[in-house]
Amino acid sequence: MKVYRTDEIRNVVLLGHGGSGKTSLVEAMLYVSGATNRMGKIADSNTVSDFDKEEQKRGFSIGTSLIPIEWEKAKINILDTPGYFDFVGEVEEAVSAADAAVIVVSGKAGVQVGTEKAWELCDKYNLPRMIYVTEMDVDDASFRQVVADLTEKYGKKIAPHFQPIRENEKLVGYINIIKNAGRRYTGLGQRKECEIPDYCKPNLEILRDSLMEAVAETSEEFMERYFNGDEFSVEEIRAAMRTEVMDGDIVPVAMGSNLQAQGVANLLSDIVRFFPSPDKRSCVGINRRTNEIFEANYDFAKSKTAYVFKTMVDPFIGKYSFVKVCSGVLKGDDVLYNADTDAEEKPGKLYTLCGNKPSEVSELFAGDIGAIAKLTNTRTGDTLSVKNNPVSYARTDFSVPYTYMKYRVKNKGDEDKVSQALARMTAEDVTLRTVNDSENRQSLLYGMGEQHLEIVASKLASRYKVEITLETPKVAFRETIRKNSDVDSKYKKQSGGHGQYGHVKMKFEPSGDLETPFVFEECVVGGAVPKNYFPAVEKGLQESVVKGPLAGYPVVGVKATLYDGSYHPVDSSEMAFKTATIQAFKKGFMEASPVLLEPIVSLKVTVPDDYTGDVMGDLNKRRGRVLGMTPVAGGKQVIEADIPMTGLFGYCTTLRSMTGGRGTYAYTFARYEQASSDVQEKEIAARAAEE
C-alpha cells in the first residue's frame, strides 16, 4: 500500500449493536474497493476482520480489527469493533484512535441498545458520525421506521440523504436526495440511472425539505436563498453538509445491503467527502521534560509522536503494537523513546494490517494508523516520541471489569504456562485482569461479563493449549468476637531430658477496630511469665489470627490480654509459650460469641428511569439496602445501595437481561458487617466440608 499524506486519510470506527452487520459491511467495502475479488461470509468463517478462531467458532466479533481501504485517492482506516458489551474495551480502544464513526443499524431489527451506546460513545469522544442502515434487501426491513425512530430519539440532526426504491418487498435501487436522482441496481455493487417512481415522491419531498432546511442553517446567505425559494447546487449542499457533519449538527443516514454490496460505494464516497481528515482534529499532549503543552494536532511537520491504542498478541504472527501517529512522520529506522517506561524502542519495520495480514510500509504520516512488531517495553496507552522531545498523551479511559470468577488449572504442572498465557492476554485485553487472592488461596480472573471470561478460558485452550476451569469464587469473610472470655491454657510435654512447659492465663474481648487483626497487651504481676516470653505469646497470636477457629477466615478486632501464667526454669521455652497461646486463642475465641463478618460494597447502578423499580426489587432480593437515587443526564437514575459481596455473583448478566443491556454498575469495598445467622451457618458447613 502506498504512503498517504495526512489530508488523504480518514480514520473511521464502525459501531453498532451485535449482529447489526459491521463485519459483513467491511467485506462489502473490501470487495467494492477492489481489495478482494470475493466477499467472505461470517457463516463460512472466511471474513477478513473476524480472523480469530474464537470469532469464527462463535460467529461474532470479539476484537477490533484494522482494515485499510483505498477509495477515491484516499486511505480509509476502518476499525471494525465488536457489538457485544463484554468486549467494550476493544470498542474504547478503537474509538480513541478514530476521527469519525459510522453507526451501523439493522433495517430489520431497528434502533437497539447497541445503537444508543454507540451514540453515547461518539458524544463522549466528540466524533462526527453517520448512520448506515443495513439489511435493506430483507423482506421486513423498514428504512422509514429506522429514520422515524432515530429522529424521535436524536431530533432534527438526523438527515437521510438516500431513499430506498423497493418493488415487491425487494430493494431494487435508491434515490440520491442530494442530486434528486434515481439509481437502479444492475448487479453486485453495480447501478444505472433511472426515473424516480411516483410512489417514492411524497416521502422524497419530506426528506429533501428537511435536508435543505439543515443546509440553509449553515449560513445567513443560504437561509435567505432558502426562503426565496432558490435551489442549492449539489456542490453547495455537499460543502454545507461536510461543515455540519464535522460540527456534529447533521448526522447523514445512508442505507444498503451488505450481501449484495448495494449502497456501499456511496458510503465509502460519503466517508471521504463528509468526514474530517486527522489534521482537522485536535490532539494535545504534555512535554515530559518542560511540562509544557505539546500541540500535536496531527501536524506532519512537528516532532515525531505516536500513541499506542491497542496491542495484538498472536501466537503465530507475534506481538503488534497498533499506533496512531499524532505528529511528524514515522519511519522504520527511527529510534523512538517511551517516556512511560523510560526505554528506547527501535521499530525496524512499520506495517499496516488488514485483519491479521501485515504489509510493510516505508513511513506513516501524522494521522495514519499502523503497527509496529515486537516492542518489548511498550504496552497499550503508552506514547512513543523522540528522546529530546519526550511527549505523553492522556491514556484512554477504559471500562473497569467488575465480574470475576475463580479459576483452577486443570492439569498439574501447567501453572506456569497458564500464567504466561494470561500475561499475554492481559497485555492484549485492557479489560481483563488476574488477581492472586492469597488470603483465600485462589486465583481470580476479572472481566466485563461471564461470556468474556468464558471466551478467555476457551482462548487459553485453543491458542495456548492449556485448560482452566471457572468456578464461583470464595468471598473474603472475616471472623471476630462479640463478648469477653477468660481462659487458662497450659502446654506440658515430657519426653526424657528437657520437657516443654508453657502456661498462660488470657482475656479476650472485642477491640472495636475491625481494620486490625488483634491488639496484644500484658499486665503480668510478679514475673509469673518472664518478659522474654512475651514475644512468643504475641507470635502465637499472630499465627492464630491468620486462620480463625470458626470457619478458617482471617480474624479481626480482637484484644488479647496476658495477665497471669507460670513457667518452669528448665522446661519452659518460646515454643511452649507460643503453643499454649495458640490453644488459649482457640478456646477463648470460641467462648467469646464468635461471628462471621461479610464484606459490604457500595454499589452504584445506572439505569434508565423505566427500570428503577425492577432493579431495586432485585437488589432487595440480594440482601442489598437501597440508600437513594440521583437523576443524571439522558433520562437515567443512579441507584446507590450497600450490598453484601455475595449478592453480586451473576449480577452483570441479571442486570443486562433486566434492562435490555442498558444498565451499568460499579462498586467499591465499603466495610465489614456481621453476617446473618443463615449465611454464617452455610459458610461454616461449607468450610467443614472442605477440610
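Modeller: Before we start, a residue counts as buried when its relative accessible area is under 20%. Keep in mind, too, that this is a predicted model.

Colleague: Okay, so why is Val-545 called buried?

Modeller: Its relative accessible area is 7%, and the cut-off is under 20%, so Val-545 counts as buried. You'll find Val-545 in helix α12, residues 534–546.

Colleague: What does Val-545 touch, leaving out residues up to four places away in sequence?

Modeller: Pro-517, Phe-518, Pro-554, Val-555 and Phe-585. Take Pro-517: it sits 28 residues from Val-545 in sequence, yet their C-alpha atoms are 6.6 Å apart in space.

Colleague: And Glu-683, why is that one called buried?

Modeller: Glu-683 comes out at 18% relative accessible area. The limit is under 20%, so Glu-683 is buried as well. Glu-683 is part of helix α16, residues 677–690, and touches Phe-477, Tyr-553 and Leu-596, not counting residues up to four places away in sequence.

Colleague: Let's go to helix α10. How do you know that its length agrees with what it should span?

Modeller: Helix α10 covers residues 415–428, which is 14 residues. At 1.5 Å a residue they should span 20 Å, and the end C-alpha atoms are 20 Å apart, so the two agree.

Colleague: Which residues of α10 are buried?

Modeller: Val-418, Ala-421, Leu-422, Met-425 and Glu-428. Looking down the axis of α10, these buried residues fall within an arc of 110°, so they line one face of the helix. As a general point, an α-helix has 3.6 residues a turn, so residues three or four places apart point the same way.

Colleague: Which residues have the most contacts inside the largest nonpolar core?

Modeller: That core has 105 residues, and the ones with the most contacts inside it are Val-13, Met-29, Ile-78, Leu-79, Val-102, Ile-131 and Ile-271. A second, separate core has 55 residues, including Val-545, Leu-619, Met-645 and Tyr-651.

Colleague: Why are β17 and β23 said to pair?

Modeller: Pairing takes at least two bridges, and β17 (residues 336–338) and β23 (residues 383–385) have two, in the antiparallel sense, so they are counted as paired. Across that pair, Tyr-337 stands opposite Ser-385 in β23.

Notes:
Residues numbered from 1 in each chain as written. Predicted model: local features only at pLDDT ≥ 70, side-chain atom pairs only at ≥ 80, totals over all residues. Heavy atoms only, no water. Helix = DSSP H or I, 4+ residues; strand = E, 2+ residues; numbered from the N terminus. Expected span 1.5 Å × (residues − 1). Buried < 20%, exposed > 50% of the residue type's maximum accessible area, 1.4 Å probe, protein only. Arc of directions from axis to C-beta. Core = buried A, V, L, I, M, F, W, Y, C linked by side-chain atoms within 4.5 Å. Contact = heavy atoms within 4.5 Å.
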